[in-house]
There are 2 protein chains.
Amino acid sequence: MGYDKTDELCINTIRTLAVDATFQANSGHPGAPMGMAPVAHVLFNKFMTFNPKNPDWVNRDRFVLSNGHGCMLQYALLHLFGYGVSINDLKNFRQVDSITPGHPEAHDTPGVEVTTGPLGQGFGNAVGLAIAQQHTAAVFNKPGFDLITNHTYVFFGDGCAMEGVSSEAASMAGHLQLGNLIAIYDDNHISIDGDTACAFTEDVLKRFEAYGWHTLTVEKGDTDYQGIEEAIRQAKAVTDKPSVIKLRTTIGFGSKLEGTGGVHGNPLKADDAKQVKQKFGFNPDEMFVVPQEVYDRYNKHAAEGAAAEEEWKALFAKYGQEHKDLHTDFARRLTGDLPEGWQTKLPVYKPSDAPVASRKLSEAVLEAIHDTVPELLSGSADLTGSNNTRWKNAVDFQPPSTKLGDWSGRYLRYGVREHAMAAAMNGLAAYGTIIPAAGTFLNFVSYAAGAVRLSALSHRRVIYIATHDSIGLGEDGPTHQPIETLAHFRALPNMMVWRPADGNETSAAYYMALTSKGTPSIIALTRQNLPHLENSTIEGASKGGYVLKEDKDAAITLVSTGSEVSICMETVKFLAEKGVKSRVVSMPCTEIFDAQPKEYKISVIRAGIPALSVEVMSTLGWEKYSHEQFGLNRFGASGPYKQVYEKFEFTPAGIAKRALATIEFYKDVKPLRSPVDRAFQQLI
Amino acid sequence: MGYDKTDELCINTIRTLAVDATFQANSGHPGAPMGMAPVAHVLFNKFMTFNPKNPDWVNRDRFVLSNGHGCMLQYALLHLFGYGVSINDLKNFRQVDSITPGHPEAHDTPGVEVTTGPLGQGFGNAVGLAIAQQHTAAVFNKPGFDLITNHTYVFFGDGCAMEGVSSEAASMAGHLQLGNLIAIYDDNHISIDGDTACAFTEDVLKRFEAYGWHTLTVEKGDTDYQGIEEAIRQAKAVTDKPSVIKLRTTIGFGSKLEGTGGVHGNPLKADDAKQVKQKFGFNPDEMFVVPQEVYDRYNKHAAEGAAAEEEWKALFAKYGQEHKDLHTDFARRLTGDLPEGWQTKLPVYKPSDAPVASRKLSEAVLEAIHDTVPELLSGSADLTGSNNTRWKNAVDFQPPSTKLGDWSGRYLRYGVREHAMAAAMNGLAAYGTIIPAAGTFLNFVSYAAGAVRLSALSHRRVIYIATHDSIGLGEDGPTHQPIETLAHFRALPNMMVWRPADGNETSAAYYMALTSKGTPSIIALTRQNLPHLENSTIEGASKGGYVLKEDKDAAITLVSTGSEVSICMETVKFLAEKGVKSRVVSMPCTEIFDAQPKEYKISVIRAGIPALSVEVMSTLGWEKYSHEQFGLNRFGASGPYKQVYEKFEFTPAGIAKRALATIEFYKDVKPLRSPVDRAFQQLI
């Protein structure tokens, strides 16, 4: 207890590092780091346990900077504690190929747990990290073996608090009674437009109370270190509710512009930077100065963290003796590998099996593998019965007091909160012991676009089970029928978009989704029944695209996905009756197909004959895999799905008409190259 | 006052119509209409003024069914009051080409104000409608001329309440003190996953109090008509806060499954439908029955509404004598036409003008036209200084008590609430007197995707000012640099995506955005400076794509947008030095280009030589306009923008390298068609 001059020096070192890095970059946000340096110093030194030499230690306390624009705060801390962030990395803040980009990226910087900056996301990630901790503890902790005891701390500002994703996540966390989650609200009254009085005048703490949170206030967040410590201590003591601490701070504390928008998103002017350093007792003419006593203080805490990890390792080894199977499971999960042979559980189908909707095929996968893949947590945004995301004997993840489930439960009721669901899944995946999968309608994955993007950017193994994937959902109509959605996510780097055509392809989608450690997946699934196709295989589909129906004399290739593949198979017969031979390629995942060798790709989409793509939504992007495209570049229609398909001519006759026009159009072109045969390689 | 048997009969008629329509369609949601029939009956008959014969009367009260899945409630009301919705339309509920689709669509059904169903959207639309009313009243009402006095009523359920977009919108409405907004929360404790206890246990009214709302509760929403009336009356009496009435109802009231999830999203079984009718005194063997006294009651209220409109017309005529200019302006706005000659205000540039960022060019447009186009309301999601959305002498739209602006203000501080901003803009545009435009970073338009989609589906003239449109934003890095965003919105039907290359093209984007009455626009704008280009014109750019640099001997066409067009112009010189002639097409809006005659399109992207597209983001979709594509199918990088461009080779040398590879690759292909020359027409 008690704070001395070294604490003051530590806090001011963080502030001056933020001033210097943003000044040197001539870019960035000094205000938040200067305002939040005190709480960061107190939190990291008095409460958090972590080992900078092993940022992956599973029982470390998690820290999330949801107001990620203040990342110089985090980079400064990582440097001071001895993570793999050097003073040169700080000098290269916001420079090309540095590990200190403009906003924190988990994939790039040791010690950054999750990728933040897009406002509100970190808050949702933190809820996911807290759920993961509760669940992992419930599964693995045993008497005498409190393996998992960590807390999740999240800083957020007014921007995060205004975003809907954080509201959704906060409501969810309140319902789930996540006592291991402590949020610190940087109540600095400033956002980019200036004083929050101009747009944000709600009572934030009252709102959090309404969600079921424990709330506290620290009035003098700039100077009352003891008060900050006491508040965090009280927050930790409340274990049946998440806590939020409202901390009144001065943005840009120390600057001549402190407390104004002028210090939010712009570096300090040279003279201001100097006066800040003078005020804090630093040499105004030096930059990036870290006094040795600051390093000493932080190294000491880092050493305590390293020792804690050693203790934990000993405990875990002993655990291995008493709980062998759990130990094996836990150790395996931390590698990211799945249990050996798990894939033999994946359902395999024959053409004679009864037609079934791919959302049901997805359910069959979950039913078949959930015992073997215990790290899989499923859930839905209040569409459980429609998404078919719940295996029969699933237990809900719920606070035991609700009597609706328990902490070991593997089924999450996310509520109608798609965006927070996705952000929480990013946190769940980041924790290290869980593979999250959850459902909504494909059309409403768009509500979560901000978080889905970060699944991809931060290399998270997250599975989006996206049912009702087209006009095939029928009566719900245009408001619910995706047109642009697959194009959207196909354009997103490092995202696998799957649209399986039948049972084997659905198994393939899960196979790839579960074994791709650094890539999220969206699996688009039908509401309507689909037949199982001749020649469909898990192996073929796992290449992203493959020949389903070959004919060496074909005059055209039909390239299709999902529910339209079987219609294309019918079209082959329809065309044959007119004396035209055709072949069919099923392309359940273009991203995976893109990654195949060029030879293979050209064997699938052949040169010499034209290819026609068939998919009941936007044609955008299909030009890459076909010479002509049949799709739906307009909104859909409300009605029984077969009638909707007929209205838009997605029938053998409708496809054949376009196939014949395509054959005719390309008959004179020599050489007719495969569309996947390109002049140069794309940058990746 | 007082409710009689006819009221009861009216309410039960609504219920049985909902039962019959969903039963006949074998699809739909009977539960919400059955539960909310009482409040709908009271609200429409006792409080709302409207003329079914003229659904566009500007001073009508607005009704929004945010829980749009309960649309049979709305369709039944529209029918009973005599809007253009016949009993046959009810019988065709959820059938192809009916005007009674699965969720309410404003563009299709007379009397439906906004398109709802995607949860939370209607709530945000209602906030926009209420803002529009306040603003329009402030501009046009004069002593003795209360032209605009309407209220906005919105129904919402648990699903809407869980969505982040409604939280954002509610916080905004509380800040704005929208006393003309009354929300009715259908607290039926049921969502699709069953009891709300499993995911939604917050105190909703306390949350709304925290936002600054006036809150009320009606415990017996199924039967206490008088209590409902009293609550709405109290809500109307509070004029400095929006009101929310929590109404405890029984979902599927009357059904054997009332109060359960079983009646939420599925029609009643045949026997249940019969017992409901028996219970309500209807013949169990008849369907779609409307007793004459119900029509009589509703027709009477409709006639009162028609009379009210007549009175209003007389008042408006008199207003024309006393306030001629305002009258002219108001009358013109209602036609959707802009003031004659407004377009002469659009800035025009010469190549010798200084380079400037297109976000600043956008600001120059707003500065130039805001006086002439008074219906234009601008705003930003807390990025005013970055989006450059505010003209110099703009007044904020704020409650006068804040002393930060007034109701006549034309600049909205939306806060960091992109999704609610977009949903509110859909409401603003729906009101009929306003053209809303507002800014955020292009990357965060994705946060608003759910609402942006509905701008397009419901044909709203909404303008998204999307700055920081690429890796050209530089230091903020990959979390903020759009890659997939333009592909996403280009795939969305009825959406114009603009990426102007310079000043004239920016003016063209606004010209088209403002004159397209039924199509929203996203205008993607740079942070970095751009030169004004030789041959760029408003007229050319208004065709979506045009030849900027012609050369009849060219070996290749470079097709580009925005900030890359000037680099392509440099590339022409670079290639010329190597003896290769090239031409440049600027394609600021592919959607508009698509709509040009085929001849024109082929004159722009010529046959006989290959085309290479150049855009610093996903190449997805560019295959439609080019033979080869140079783009960025990976995430960007944090650093000074010129270095980021160099890293990814978006330089004359990098483009030329790919241009040469393209020329070489296609030299043998005969005939080399223009990529816009297609085998068949797409459905639209």
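V497(A) stands opposite I522(A) in β14(A). That is our way into a predicted model, where local features need pLDDT of at least 70, side-chain atom pairs count only at pLDDT 80 or more, and totals for chains, interfaces and linings use all residues. Residues are numbered from 1 along each chain as written, chains are lettered from A and ligands numbered from 1 in written order, and side-chain values use heavy atoms, without hydrogens and water.

The sheet, then. Three bridges join β13(A) to β14 of chain A, residues 521–524, and the two run parallel. Strands are DSSP runs of E, at least two residues; helices are H or I, at least four; both are numbered from the N terminus. Two strands pair if DSSP finds at least two bridges between them. The open sheet has six strands, in the order β10-β9-β11-β12-β14-β13 (chain A), with parallel pairing. β10 (411–413) and β13 (496–498) of chain A each have a single partner strand, so one side of each lacks a neighbour in the sheet.

Now salt bridges: a side-chain nitrogen of Lys or Arg within 4 Å of a carboxyl oxygen of Asp or Glu. Take E564(B) and R499(B), which meet at 2.6 Å, N to O. E564(B) is in helix α21 (563–577) of chain B and R499(B) in the loop between β13 (496–498) and α19 (503–515) of chain B, so the pair ties together parts 65 residues apart in sequence. Buried or exposed? Both E564(B) and R499(B) are buried, meaning under 20% relative accessible area, with exposed over 50% and partly exposed in between (1.4 Å probe, protein chains only).
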